[in-house]
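Take a moment with the picture below.

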Amino acid sequence: MSVAVFRAELLKLRTTRTPWVIGAVAVAGMLLAQVLTIVLPRTLRTLEALSGSGAGVHVGAQMSPADTSELLSGLAAATDLGSATAQRGLLDLMGNGPAGSGSSGVTALCVLLLGALAATTDFRTGGVVPTALAVPDRLRILAGKAGATATAALAIGVALALVTAVGLVVAVATTPGASLAIGPGEALGVWARGLVVMVLLSWLGLAVGTLVRGQVAAIVVVVALALVEPMVQAAALVLTGGATTATSWLPITLGSLASAGQGAAQLFGAATDAGAGTGVAAALAGLLAWAAVLLVAAGAVFRRRDLA
Amino acid sequence: MTTIRIEGLHKSYGGFEAVHDVGFTAGPGRVVGLLGPNGAGKSTTLHVLLGLARADAGTATFDGRRYAELEHPAQVAGALLDAGGLHPGRTGRDHLRVLAAASRLPARRVDEVLAAVGMVPAADRRVRTYSLGMKQRLGIAAALLGRPEVLVLDEPANGLDPAGMRWLRELLRAFADDGGTVLLASHVLGEVAQVADDLVVIGQGRVVAAGPLAELVTTDRSLEDVYLDLTAATEGVR
């Protein structure tokens with residue numbers, strides 16, 4: 001990648017509002033996820049207390065007070081902010097939540113859009129023409145865009161990491177009897193995996209934008225990807241009785257598994273997290289493969305395409 | 001000094017033949033007007049010359065090298081095509097900073113070309129606030145960034161006021177007089193007649209006339225008369 005093209009593409013991103021808006025939305029989404037994660041256990045405890053006191057409050061109209069109390073107790077345990085699992089979830093840049101199931105998908109969607117818009121804005125405004133006049137080698141342009149998009153994704157990721165750090169401190173400080181259950185090395189590992197996933201997803205968006213070219217069409221594709229993938233996964237699990245892990249190899253799922261590190265072992269059909277380390281590596285490799293294949297396809301098409 | 005040479009150029013889009021066996025030369029010190037009706041193939045010829053589109057056959061070169069083979073393209077050819085590829089939310093100065101960075105040009109060139117095209121007062125406004133004439137000036141500033149030896153301009157007079165037209169005419173004349181090569185595609189025949197040394201007229205993708213302006217235009221036949229006669233059979237959108 002040429003440093004000059006990288007600098008030019010980064011300047012393009014810095015001098016328009018859209019990437020800043022995308023970053024702000026990602027941070028706002030993470031703030032919301034942190035607040036909900038911290039508030040949820042207290043809400044459950046309050047409901048449990050009310051249920052146990054016979055005050056007439058029930059969660060689920062069909063459940064008996066005893067069952068309600070048991071359910072709330074179980075949920076409270078699962079979201080216990082003193083546990084290492086919940087604290088890892090708080091630090092997860094992809095916002096998967098303490099049990100790996102609370103994802104709003106905001107981070108994934110933001111970095112996908114960041115990449116897609118980095119490509120399609122040039123096509124929409126015709127900015128790709130002066131760029132190609134300055135740099136006739138199309139692959140150098142794409143490489144410069146990949147570098148700039150990755151840098152922007154990393155900058156957003158660092159901001160998200162700061163939010164998650166504050167969230168963790170607040171969670172521990174405000175939870176009775178809680179203390180830090182994970183060490184600095186593990187925290188850095190969670191953040192590092194999240195940053196890598198964000199970069200890879202931004203490249204996925206860049207590749208989609210380069211291939212599709214139309215801005216609205218590219219946005220529809222990445223939003224559909226973010227919305228449809230969980231539905232496909234749920235349908236596959238229902239249809240196979242949970243026997244298939246094939247849909248876990250879809251890109252956003254791989255991103256979630258790699259970032260959170262929880263449940264990554266399921267990629268190989270394992271029921272436990274014993275192979276989590278291998279699973280995380282496999283998830284990262286799988287996501288890298290998605291990004292690489294799509295970027296290579298985008299490069300091949302971009303290189304041959306008439307720009308005017 | 002650089003010579004543009006186009007030989008046997010063919011380019012089709014699907015089944016539509018946009019350019020058929022086009023060939024001409026534009027040399028140093030000359031302003032070459034490229035004329036033709038809408039859809040005649042002028043812009044396609046320029047796009048192939050600048051490496052934006054692939055030719056099906058033929059060559060378009062700068063001193064024998066294709067645009068893609070130029071080591072420092074901004075220092076060889078500066079171009080203004082269409083609306084200049086401007087992002088409406090970016091300032092004029094930032095647009096030029098991006099291009100200067102991509103071409104590895106010093107940042108001071110941005111200030112120099114802004115001054116050269118009279119855009120310093122508006123440089124820090126967003127492009128969406130510009131008039132068409134101001135966008136054209138910014139596009140010409142981008143073309144001048146690398147101190148090129150060749151200017152390739154597609155309808156640069158669009159939106160310019162009378163003072164802007166005179167400024168452009170003087171700029172192109174001075175550029176050619178300093179040994180530069182200018183290839184100017186335009187529909188404004190009066191402007192072309194005042195500044196061009198040579199003409200290339202294209203109709204339906206083919207060169208229908210080429211030569212020095214003085215030989216094609218006489219005292220009793222204006223450029224408009226000559227142009228309309230040459231393109232009568234090819235007028236209209238194909």
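Predicted model: local features only at pLDDT ≥ 70, side-chain atom pairs only at ≥ 80, totals over all residues.

Residues are numbered from 1 along each chain as its sequence is written, while chains are lettered from A and ligands numbered from 1 in the order in which they are written.

Start in chain A. Two packed helices are described by the angle between their axes and the distance between the axes. Find helix H5 (residues 106-125) and helix H9 (residues 215-240) of chain A. Helices here are DSSP runs of H or I with at least four residues, strands are runs of E with at least two, and both are numbered from the N terminus. The axes of H5(A) and H9(A) come within 9 Å and cross at roughly 165°. Axes are lines fitted to C-alpha atoms, for helices over the stretch in contact, and angles run from 0 to 180 degrees between N-to-C directions. H5(A) and H9(A) are therefore roughly antiparallel to each other. That label goes to angles over 145 degrees; under 35 is roughly parallel, 65 to 115 roughly perpendicular, and the rest oblique.

Which residues of H5(A) and H9(A) meet? From H5(A) they include A:Leu109, A:Leu112 and A:Ala116. From H9(A) they include A:Ala218, A:Ile219 and A:Val222. Two residues are in contact if their C-beta atoms, placed from the backbone, lie within 7 Å. The residues of this contact of H5(A) with H9(A) divide into 10 nonpolar, three polar and one charged. Ala, Val, Leu, Ile, Met, Phe, Trp, Tyr, Cys and Pro count as nonpolar, Asp, Glu, Lys and Arg as charged, and the others, Gly among them, as polar.

Now look where the chains touch. The contact takes 25 residues from chain A and 29 residues from chain B. On the chain A side, helix H1 (3-14), H5 and helix H6 (128-134) each supply at least two residues. The largest share, seven residues, comes from H6(A). The residues of that side of chain A divide into 14 nonpolar, seven polar and four charged.

Move to chain B. Chain B has nine helices and nine strands. Its radius of gyration is 17 Å, close to the 18 Å that the globule rule gives for 238 residues, so chain B is as compact as a globular protein of that length. The radius is taken over C-alpha atoms, and the rule is 2.2 Å times the number of residues to the power 0.38. Of the 238 residues of chain B, 50% count as buried. A residue is buried if 20 or more other C-beta atoms, placed from the backbone, lie within 10 Å of its own, exposed if 12 or fewer, and partly exposed in between.

Is helix H1 (residues 42-49) of chain B mostly covered or uncovered? It is mostly covered: eight of its eight residues are buried. Among them are B:Lys42 and B:Leu49. H1(B) is followed by B:Gly51, whose phi is positive, near 75°.

B:Asp21 has phi near 55° and sits in strand E2 (residues 16-26) of chain B. B:Arg147 has phi of about 50° and lies in the loop between helix H5 (132-144) and strand E6 (150-154) of chain B. B:Asp21 counts as partly exposed, with 14 C-beta neighbours inside 10 Å. B:Arg147 counts as partly exposed with 13.
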